[in-house]
Amino acid sequence: MLPAAMKRTIACLLFVEVVAAAQSAPRRLRSLKGHQNFVTALAFGKAGKLLASASTDGTVRLWDPVAEKLVRTIALPEGDLATGLCVTPDGARVIASVDASVIAWSADKGDEAWRRGVGGAVRAIALSGDGSLVAVAAGDVRILGGESGEETQKLAAADVTALALSADGATLATAGAGGVKLWDRATGKARKTLSEGLGAASLAFSADGRRLAAAGDDSQVHVYDVEVGAEIWAKPELASGTTVAIDGKLVIAGFGLKRLAAWGLEKGDDKWWVQDRGAEIHIFAVAPGVKRIATGGPDGVVVLWGP
């Protein structure tokens, strides 16, 4: 049985049988071993040269995925569990949601840089493209400064389960009791409702902010035109509660209960899917632009995938 906090953040996948459509599917490159238990969160930074992972073993680990080695282990206080991770683009800081707090560490030394309580269990965190803003869903939505952790803004969003910040930090997307919504981050006002009835476990903007992908609670992947405020396409059979990511012209998500799949961003055309008959994989992260994917599961092993 998984802790309740983990159920809000994990993705359910399984991989090694490969089917490629318009382009090559990723292949297994290497395994990073060190965690003693379930991997709960993953995040890339520094153009794919730094990878952070969290586990129910009470640690956050930093890896050099190119050199295939562990760089640093950050031990959490006994009983604490990191359920979400972000890494600043320059790789200087690692930011995690831990119970009802958000904590930032120096990636270089592992020292705690700041800690901010947010008044409730954190459901999701997201980082702006330059790392200057951290959006936190803990029932409502709060915006923290990436450098100091100071709260700079609170949005009147209710029961938010997932969120994403556009790369420029100007637009915030949320999923929750009010459906999938877009917000003007500067004013804190809701701009558009993309879907009134849809909840989502994960949201992701494209790099240019023109598209938003949602892993819906209706077991579908949805992609929206942000400017128009309309759905472009949807794909069924998504594993409920999974992660969604956008990498260039691809949307990547858990598909069914055993696959990781990719579709074209604009048309939703099938690109590839991969399936492993070995260990289960419950979470993944994408390093945008460098064609790398990291996956993790109950065995504690982090697996890197790429061309």
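This is a predicted model: local features need pLDDT of at least 70, side-chain atom pairs count only at pLDDT 80 or more; totals for chains, interfaces and linings use all residues.

Trainee: OK, how many helices and strands does the protein chain have?

Mentor: One helix and 30 strands. Both are DSSP runs numbered from the N terminus: helices are H or I with at least four residues, strands are E with at least two.

Trainee: Why is serine 53 called buried?

Mentor: Buried means under 20% relative accessible area, exposed means over 50%, and partly exposed is in between (1.4 Å probe, protein chains only). Serine 53 has 0% relative accessibility, so it counts as buried. Across the protein chain, buried residues make up 56% of the 307 residues.

Trainee: Which residues is serine 53 in contact with, leaving aside its neighbours within four places in sequence?

Mentor: Contact means heavy atoms within 4.5 Å. With those neighbours left aside, the list for serine 53 includes His35, Thr59, Arg61, Trp63, Leu85 and Val302.

Trainee: And what makes the link from serine 53 to histidine 35 a polar contact?

Mentor: The rule asks for a pair of N or O atoms within 3.5 Å; within protein, one must be able to donate a hydrogen and the other to accept it, and residues adjacent in sequence count only if both atoms are side-chain atoms. The side chains of serine 53 and histidine 35 make such a contact at 2.7 Å.

Trainee: Serine 53 is in strand S5 (residues 50–55). How do you know that S5 and S6 pair?

Mentor: Two strands pair if DSSP finds at least two bridges between them. S5 and S6 have four, in the antiparallel sense, and serine 53 stands opposite arginine 61 in S6. Their hairpin has three residues between the strands, and glycine 58 takes a positive phi near 85 degrees there.

Trainee: What does S6 do on its pairing with S7?

Mentor: S6 and S7 are antiparallel too, over six bridges. The bridge partner of leucine 62 in S7 is arginine 72. That hairpin has four residues between the strands, with glutamate 68 in the turn at a positive phi of about 65 degrees.

Trainee: Why is S6 described as largely enclosed?

Mentor: Five of the six residues of S6 are buried, so the rest of the structure largely encloses this strand. Strand S13 (residues 133–145) gets that description as well, because 12 of its 13 residues are buried.

Trainee: What pairs with S13?

Mentor: Strand S12 (residues 124–127) pairs with S13 in the antiparallel sense over four bridges, and alanine 126 stands opposite alanine 135. Strand S14 (residues 151–160) also runs antiparallel to S13, joined by five bridges, with valine 141 opposite leucine 155.

Trainee: What makes arginine 30 and glutamate 68 a salt bridge?

Mentor: A salt bridge is a side-chain nitrogen of Lys or Arg within 4 Å of a carboxyl oxygen of Asp or Glu. Here the closest N and O atoms are 3.0 Å apart. The pair links distant parts of the chain, 38 residues apart, with arginine 30 in strand S3 (residues 27–32) and glutamate 68 in the loop between S6 and S7. Arginine 30 is at 23%, so it is partly exposed.

Trainee: Last one: what is in the largest nonpolar core?

Mentor: A nonpolar core is a set of buried Ala, Val, Leu, Ile, Met, Phe, Trp, Tyr and Cys residues joined through side-chain atoms within 4.5 Å. The largest has 18 residues, and those with the most contacts inside it include Val60, Leu62 and Leu85. Apart from it lies another core of 15 residues, among them Ala175 and Leu212.

Methods: Residues are numbered from 1 along each chain as its sequence is written. Side-chain values use heavy atoms; hydrogens and water are left out.
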